[in-house]
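Subject: Handover of a structure and notes on its contents

Dear colleague,

Please find below the structure that I am handing over to you. My notes on it follow directly after.

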Amino acid sequence: MAELNRILLVDDEPDIQEVARTALEIVGGFTVITAGSGEQALELALSEQFDLVLLDVMMPDMDGPQVLARLKQNAKTRDLPVVFLTAKVQSHEVQEYLRLGAADVLSKPFDPMALPADVRRIWENALAAD
Amino acid sequence: MRKLNFARLIAQALARQMVPATNTDAFLQQMDALRQRFNDGLPDKLSQVRRGWEAFANNHQDEAAVRETLQVVHRLAGSGATFGHPQVSRFAKILEGLLEALLGQASAVTDRQAAQARELLECLERAAAVPPLPARSFSLTGAGDEHAVNRDIFIAESDPASARELKEQLDNFGYSARVFSDAATLDQALQETVPAAVLIDLELGGEAFGGVYAAIRVNARAEQHVQWIFLSRRDDLEARLKAIHAGSRAFFLKPLRIADLLKQVETLTETEQSEPYRVLIVEDDAAMAHFAAMTLEQARIKTACLDSPATFLDVVSDFKPELVLMDLYLGSTLGTDLAQVLEQHDGYDNLPVIYLSGEDDKGIHFDALDKGGDNFLQKPINPQHLVQAVHSRVRRARQLAELVHRDGLTGIMNHRAIMGRVTELVKRCIRHKHALSLAMLDIDFFKPVNDTHGHAVGDRVLQALGRMMQQRLRESDLVGRYGGEEFLVLLPETGIENARQVIDEVRDRFAKVKHTAQDGSEFMVTFSAGLACLPPHSSQEELLLAADEALYAAKHAGRNQVSCDPASDAAAQQGIVSGEGSLLGGSDG
């Protein structure tokens, strides 16, 4: 059976990046690779193998939805589950993310202890939906 | 960083809540360090925000500076609670909304808007100055998204025996009660958890007003609004006043009547789980309206905004607000005039109004209150005051509405209220494809009871039936007085067979109740009932008519019995879930 292992974590804020990475690694036991910008995220996603992407929405230059659109355009990354991690979670915003093809949306601020279980749940759902 | 497979197994167990302590501890230690670092960096970020804001307020052109500020505020909103600063998240989120609105408006920032932004900045700075929550706890309280029902109750009581008994009772009713024997441990726990209510002994620690002083100390420190319920052996005015000064929501005398206490606790926790409050904001300054809406929505209050009075009555009728936040000046229309329109409008005359204004002229305040207002909030508005003012007024309005909807004699819903629920439930059950059974009950030979024993005795019979139904039926079932001696029972998600059993059991019990006449003699009373179900019926009218016909059949067949509408019966037997009632018109009389 497939395992959730490698997660690409994209956030331009170092504090958030670090707390999410720590939680996902120590509590979740996942392997986490981080990116601080949309461009870097794309580069990593296209050159390496990931099981899931956790993606911030508001980032300078290339924002989360733009990154997602580019991932959807590429055959290699088209089916990669992308989860937005964002403070922009009004219902119309969430609907928009899902319309763009996000697997799910997790709201910021988040509970670090609960993050790994949430990510796993979303990943399992995405797998079941295939 | 790769982990050993073994470590991952442990970690996955952790993620599934089977938490080995050592691993959690390691994580929490790291989290504490991260929280500390975030905390240390806060003052810097806040002064960056303040500088950016002042640059913007002084020079509307400097958009780059504001965008940068907005980015910082946005990040604070999204990260605060993760690092133990829920209030930072909350105020930053509100400030973010206001800044976005100001950035989007064509005109320059007004003095009033600037004052509001500064007020928020100050809230943010104060929130940042509070030490972060320890890493084990995570709270979003105040940051929206509070869907979980809070059933935590704290008991602050120095007498271990009473505390234990109280805890047991509360636990029995599904609460999770924790006992604290002194003010210090209570205070400590309140810094980590916000319970639905704190039951506190007035004389905590054996001190005359120990509980009062403890509550006042907590109120002075806490960002959170604690719901205090005082328990007291003293019934004098001084004791009650002191409790009020400490912010008490209720005052109970010892020995405690646990049923009353539970009812109060229930209303306090209900606020969390009941329908969100609905508030209409009437304000012509879009940014200020946006600010008020953000603030209320953070507290899980639904809002609608209106910037001119033109469609006021339409919006009131569509949105059905439970409170109106009204700017005093709306272009050429006065907020007080609109409030008076409400006051003179049938159906809206009890709608609470809170005025928002920059006016500090007390004369205008009094005049406004005289003209249909309930309260005044002066701009710049403190977000916590706004939420509190709205909460207390809507809560009271709901309590009043509850009273208005009760039948004075039996305490169950009156005709209007139960009919409203019929409409609502029929719609909901159709939408969710749930069954809904409806029973119509009528007391047999009630007129002779009144004629023989007098109306006072007849009234007691009605009360007895009302009380019995409330006790015997499930909490989700609804009971109302339909007419003189007629009652209506709604049993959601219940098929006709189950409904028949339930109602027949009530019938059986009620028939055995001995009523006492004025002269001390005893007599017995029965009732007949007609039942119908949705499906097969598919509208309120059909359902009521079918139940009424079934009731008639029960009466006709000799009374003291429950009869089902033939169509509902047939549908149940055939397992049909459609609206076709081929047997309609049949009679079992």
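Predicted model: local features only at pLDDT ≥ 70, side-chain atom pairs only at ≥ 80, totals over all residues.

Over which ring does the charged end of Lys242(B) sit? The ring is that of Phe209(B), and the charged end lies 4.8 Å from its centre. A charge counts as sitting over a ring if NZ of Lys or CZ of Arg is within 6 Å of the ring centre and within 35 degrees of the ring normal. In chain A, Arg6(A) lies over the face of Phe50(A), at 5.0 Å from the ring centre.

Residues are numbered from 1 along each chain as its sequence is written, chains are lettered from A and ligands numbered from 1 in the order in which they are written, and side-chain values use heavy atoms, with hydrogens and water left out.

Aromatic pairs

Rings of Phe, Tyr and Trp (its six-membered ring) pair if their centres lie within 6.5 Å; planes under 30 degrees apart count as stacked, over 60 as edge-to-face and the rest as tilted. By this rule there are six aromatic pairs over all chains. One of them is the stacked pair of Phe38(B) and Phe83(B), with 4.4 Å centre to centre and 5° between the planes. The pair links distant parts of the chain, 45 residues apart: Phe38(B) is in helix H2 (residues 21–58) of chain B, and Phe83(B) is in the loop between helix H3 (63–79) and helix H4 (86–104) of chain B. Helices (H or I, at least four residues) and strands (E, at least two) are DSSP runs, numbered from the N terminus. Phe38(B) counts as buried because its relative accessibility is 1%, and Phe83(B) because its value is 0%; buried means under 20% relative accessible area, exposed over 50%, and partly exposed in between (1.4 Å probe, protein chains only).

Tyr355(B) and Phe376(B) form a tilted pair, 5.8 Å centre to centre and 45° between the planes. Tyr355(B) lies in strand S11 (residues 353–357) and Phe376(B) in strand S12 (residues 375–378) of chain B, so the pair ties together parts 21 residues apart in sequence. Both Tyr355(B) and Phe376(B) are buried.

Glu297(B)

Glu297(B) lies in helix H11 (residues 286–298) of chain B. With a relative accessible area of 36%, Glu297(B) is partly exposed. Leaving aside neighbours within four places in sequence, Glu297(B) is in contact (heavy atoms within 4.5 Å) with Gln90(A) and Thr303(B).
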